[in-house]
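Me: Could you walk me through this structure, feature by feature? I'd like the general idea each time and then the case at hand.

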Amino acid sequence: MDHDTREMLLDTAGRFFAERCGKDIVNGVEKGVWPADFWKEIEEMGLPLTAVPEDKGGVGGNLADLMAVLRLAGENAVPVPLAETALAHLLVSAAGGTPVPGPATVVLGGLALNNGRVTGKVDRVPFAGVADRFVGVANSGGKPVVVVVAKANAKVTAAPSHAGEPYGSVVFDKAAYEFSGDSAVSADRALELAALARAMQMAGAADKVLAVTVEYSKQRVQFGRSISTFQAIQHMLAELASCVAATIASAEAASRDADEGGLVDGGSFSIAAAKTQASDFAQRIAAISHQSMGAMGFTHEHILHHYTRRLWVWRRDFGSESFWGEKIGAAVAKAGPQALWPSLTSSKYAA
Amino acid sequence: MSIPKLEFPPFHLPPEAEALRVEVRQFLKETLPSLKTEDRFSSWNTRSSEFSKALGKRGWIGITWPKQYGGSERSFLDRYVVTEELLGNGAPAGAHWVADRQSGPLLLRFGSEEQRQAILPKITAGECYFSIGMSEPDSGSDLASVRTRAEPVQGGFRVNGTKVWTSGAHHNHYCITLVRTSGQHGDRHKGLSQLLVDLKTPGVTIRPIINLAGRHDWNEVTFNDCFIPEECLIGNEGDGWLQVTSELAFERSGPERFMQNFHVLRELVRVLGRQPAKRAGAILGRIVARLWTLRQMSVAVAGMMQGGKSPAIEAALVKDLGTIYQQDLPEIARVLAESDATTEDDMADFLDVAQYATMMAPSYTIQGGTTQVLRGIVARGLGLR
């Protein structure tokens, strides 16, 4: 996708999300209402196929194009499995399959493929409650194989996320699959790609939190003046801006590194660092925005919680700061003190 | 809803800068072991004129400056790489640091041809060092309130006043001094000028100000009827505020704002051993991720500057995040080492290092613009003031 096409895609997607993804849709999902029309429009725009090659029926964009779309989705609290379906399509197409329309999700961790059947249990699977298909990278005699399991062959126990999205536990008990194919990426890599997607969604959500909070502080009048004129508020918002900027910068750097380094292992360290950073800053971002907006921001009526609750959930999805931090820490320790600086400058676990 | 976007577009240092990195690393590997410095862990505060001269010989001081003044006419990004390699490898680069970072660039931009020819080649040779004459007893964050007065007299200025927190004045050759050349104290930004002051000038008295760690870095510099020749005026009389603001942009944007105590992190990795416990690994990894992010942001700022932009708000934001990271690091590291250091010997030694870093930490969020000044700048960028 050339620069202009990409700009056009992002412009169109950004305007579409802003216009169509209102608070009624986000609140509706929390009440269990699936926004079928909204999803249909997302599919018609081809967004879940952003990073799927054209010969597989996709849009032909690269990984960075997809991640940029997901940042916009995060910025609008898009409450449907766009990230999950896009990743599922990417995994399937990279394993030689052709993506099938319909909402899907990724089931990452501990799946085994034996004698043509899939077995495994994964908790906190995003959008498990609304997915038509489940896509994972299963271990088949030591080789990674992408499997697609239809809803009918999976046991789903609903466990909605604290952002009200239909998460749940998924059990495959010798489940039949619709598709299987040798995976282009390892199961660990699939998790990295999912973590990158979340980091970019968090970047978008963080950006929105800043915008909402700054705007509110300018309009809210107390003691006869807008609260944005108080130095105490200004300094809080400046700190908020720092945390948001760091979240965006790390996610964008990881997205670039992943894209440039290729689907198989590009930007491995950068993704871990970005997800760690985004998850680490989520609390500070939420805390400052809520403090700045007082009781108003704590109501269900206001939209702030669409973003802060997602930040709190997303920081745990596909590896928290503890998970990715440990991975980085273990690698850095193993490489020893002299390797630390060269590793940092080359964005590698160990240089 | 629209607020100014604070974007840090991911930026790659170009291949020639990365090639230079390899050269600098090799040079440091050969040069550093033979140097004797008083500090166990050197940084941009540790002085070694021997090191500065060796670095100057390689053409790596004033690396971006025109060749006619001893520079190497290389890019700002090449300078970035040299700077971060000095910091990452603990080089004692303190003697020439200020001259390379801000005094030289200031003279290049605003100085007279005579000033440039007389001074810049000595800086690039690693032989000429500078102090910053901004703060005064009654002027810290509120820099425009300076009282040091330079009264125009026949052939120059008669200077009276006091500068404080003047790092290295007892070693350095010059101090670029912000003075009031006209108007009154209350005139704020108007009537300020910058003078190139030779610290050996009669009437200049330098007294130590010892910091809480017992170190003599700072000085009080007093000017008592000190005659400064008119050819030592930098730029135009009355343009001091504009000049000093551009100088501060250089001072705030560099990697020294998050790499100053890098040795604490490196030593932490050493004492935690090759296989730390899960919890310790996670904490270590989170610190590393934070530092990596700061570096990505700082490189992005360097990319913007190379692209001809003036990312003053972005630079302030990186300094704010970076200096707070530096303040957190010794504390996180100390607590972690207490629970997870692999040997008793290592731990005792490391706690000493961390303790010293903790003592130095308050300075990070004060020097070069306090946290509060920086947040004021960012708040303005957000359209709040």
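Reply: Happy to. Let's start with a strand pairing: A:Ala104 has A:Arg133 of S4(A) as its bridge partner. This is a predicted model, in which local features need pLDDT of at least 70, side-chain atom pairs count only at pLDDT 80 or more, and totals for chains, interfaces and linings use all residues. Residues are numbered from 1 along each chain as its sequence is written, while chains are lettered from A and ligands numbered from 1 in the order in which they are written.

Me: What counts as a strand, and what counts as a pair of strands?

Reply: Helices (H or I, at least four residues) and strands (E, at least two) are DSSP runs, numbered from the N terminus. Two strands pair if DSSP finds at least two bridges between them. Here, strand S1 (residues 104–106) of chain A runs parallel to S4(A), with 3 bridges.

Me: Which way does strand S4 (residues 133–140) of chain A run against S5(A), parallel or antiparallel?

Reply: Antiparallel, over 8 bridges.

Me: Which strand do 4 bridges join to S5(A)?

Reply: That's strand S8 (residues 179–182) of chain A, and the two run antiparallel. Look for A:Val145, which sits opposite A:Asp182 of S8(A).

Me: How do I judge whether those strands are covered?

Reply: Count neighbours: a residue is buried if 20 or more other C-beta atoms lie within 10 Å of its own, exposed if 12 or fewer, and partly exposed in between, with C-beta atoms placed from the backbone. By that count, S4(A) is mostly covered, with 6 of its 8 residues buried. Strand S5 (residues 143–150) of chain A is mostly covered too, with 6 of 8 buried.

Me: And how do I read a helix?

Reply: An α-helix has 3.6 residues a turn, so residues three or four places apart point the same way. For length, the expected span is 1.5 Å times one less than the number of residues. Helix H4 (residues 63–75) of chain A has 13 residues and reaches 18 Å from its first C-alpha to its last, close to the 18 Å expected. H4(A) is largely enclosed by the rest of the structure, because 13 of its 13 residues are buried. After H4(A) comes A:Ala77, with a positive phi near 50°.

Me: Where does A:Phe223 lie, and is A:Phe223 buried or exposed?

Reply: A:Phe223 is in the loop between strand S9 (221–222) and strand S10 (225–226) of chain A. Its phi is positive, near 55°, in a residue other than glycine. A:Phe223 is exposed, with 8 other C-beta atoms within 10 Å. Now take A:Ser347, in the segment after helix H11 (337–346) of chain A: its phi is positive, about 50°, although it is not a glycine. A:Ser347 is buried, with 20 other C-beta atoms within 10 Å.

Me: How do I size up each chain as a whole?

Reply: Chain A has 11 helices and 10 strands. Its radius of gyration is 20 Å, close to the 20 Å from the rule for 351 residues, so chain A is as compact as a globular protein of that length. Of those 351 residues, 59% count as buried. Chain B has 12 helices and 8 strands, and its 21 Å agrees with the value near 21 Å for a compact globule of 385 residues. Buried residues make up 52% of chain B.

Me: How many residues of chain A are in contact with chain B?

Reply: With contact meaning C-beta atoms, placed from the backbone, within 7 Å, 40 residues of chain A touch 45 residues of chain B. H7(A) gives the most to chain A's side, with 15 residues. That side divides into 20 nonpolar (Ala, Val, Leu, Ile, Met, Phe, Trp, Tyr, Cys and Pro), 11 polar (the others, Gly among them) and 9 charged (Asp, Glu, Lys and Arg) residues. As for confidence, the predictor gives the complex an ipTM of 0.97 and a pTM of 0.96.

Notes:
Contact = placed C-beta atoms within 7 Å. Rg over C-alpha atoms; globule rule 2.2 N^0.38 Å.
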